[in-house]
Amino acid sequence: SVAFLCKRPHLYLLAEDKVLAILFLAIFLISAFIFLLHGDPPKTMDQTSRYVLAIPVLFLLLRAPPGLSFVWGGLFVGGTTSAAVTLWQRHWLGIDRADGFLTSAIPYGDTALMIALLCIAGLFWACNLKRHAWLWRIALVVGTLAGFYSFIASETRGGWLAVPPVVVLFFIAFARKHNVKWTMCAAVALLLIGGVVLSLAPDLGIKARYDEAVKEIQMYRNQQVSDTSVGARLGAWHLALAGISEKPLLGWSYKDYDAKLDRLAAEKKIDPFVFLNEWNSYIS
């Protein structure tokens, strides 16, 4: 994409394309300003730098968009191969939470969930095909189930929060009088996925992790216990919200915020577990 831009092509951009590129650039520039203002470590620019790097990719895809069959076919391959890796890790290697050899089970599970949801979106495309429609429908349903299986087997709890708003967005985007039939197809696919989830739940320990999360939330609310996985996150979020009121405009530098946490821990106002096990893992 950079080589493409070096040729200085004449791009025909729609208003929405320009707005998207400007928003990506704005996110990066705001982050860069905060980075320079606070003197934060260079690694803190990692995530927001991806927004500005996405701009030339966007321009290249607008000039030479890939065929939709390649997009949906790639998602099918991604979902099914992730399921194969998940099966191998869970039932051959004996790994409790499938991680796909990524940094941890969380990004692996969230990526698998994204593949599954995109495969569901692809069903709306497949339902309007005239040739090979049934083959594509079967492939995308398989990709959906495979992606959800990998997501479930990763035991990533946070990803479930994304499912309800995505379902609402699907119905807003796709439900029309002329395609109610295909919208119902997607609803049936979701019901099938729900059935698979319920059938796999005992083997994958979903109920146990759910019960654990509920217990940790109750312990945090009733006893302020924050030396648990969920409790540490709730404690970190509580501290972050309190910190916003102190510096609402320009925020905290990593150094100053870390010093604040050290001071609060020394004064025994917070449990050191909150930032020793959670905060440091985020900044590293």
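**Exercise 1. How many aromatic pairs does a search of the whole structure find?**

Solution. This is a predicted model, in which local features need pLDDT of at least 70, side-chain atom pairs count only at pLDDT 80 or more, and totals for chains, interfaces and linings use all residues. Residues are numbered from 1 along each chain as its sequence is written, and side-chain values use heavy atoms, without hydrogens and water.
Step 1: rings of Phe, Tyr and Trp (its six-membered ring) pair if their centres lie within 6.5 Å.
Step 2: the search finds five aromatic pairs.
Step 3: ring pairs join Trp72, Trp125 and Trp136 in a cluster.

**Exercise 2. State which charged residues lie over tryptophan 134 and tryptophan 252.**

Solution.
Step 1: a charge sits over a ring if NZ of Lys or CZ of Arg is within 6 Å of the ring centre and within 35 degrees of the ring normal.
Step 2: arginine 137 lies over the face of tryptophan 134, 4.6 Å from the ring centre.
Step 3: over the ring of tryptophan 252 sits the charged end of lysine 247, at 4.3 Å from its centre.

**Exercise 3. Classify the packing of helix H2 against helix H3.**

Solution.
Step 1: the axes (lines fitted to C-alpha atoms over the stretch in contact, with angles from 0 to 180 degrees between N-to-C directions) of H2 (residues 15-38) and H3 (residues 46-63) come within 7 Å and cross at roughly 160 degrees.
Step 2: H2 is therefore roughly antiparallel to H3, a term for angles over 145 degrees.
Step 3: contact means heavy atoms within 4.5 Å; the H2 residues that meet H3 include Phe24 and Phe28, and those of H3 include Tyr51 and Phe59.

Note on methods
Phe/Tyr/Trp six-rings, centres within 6.5 Å; stacked < 30°, edge-to-face > 60°. Helix = DSSP H or I, 4+ residues; strand = E, 2+ residues; numbered from the N terminus. Parallel < 35°, antiparallel > 145°, perpendicular 65-115°, else oblique.
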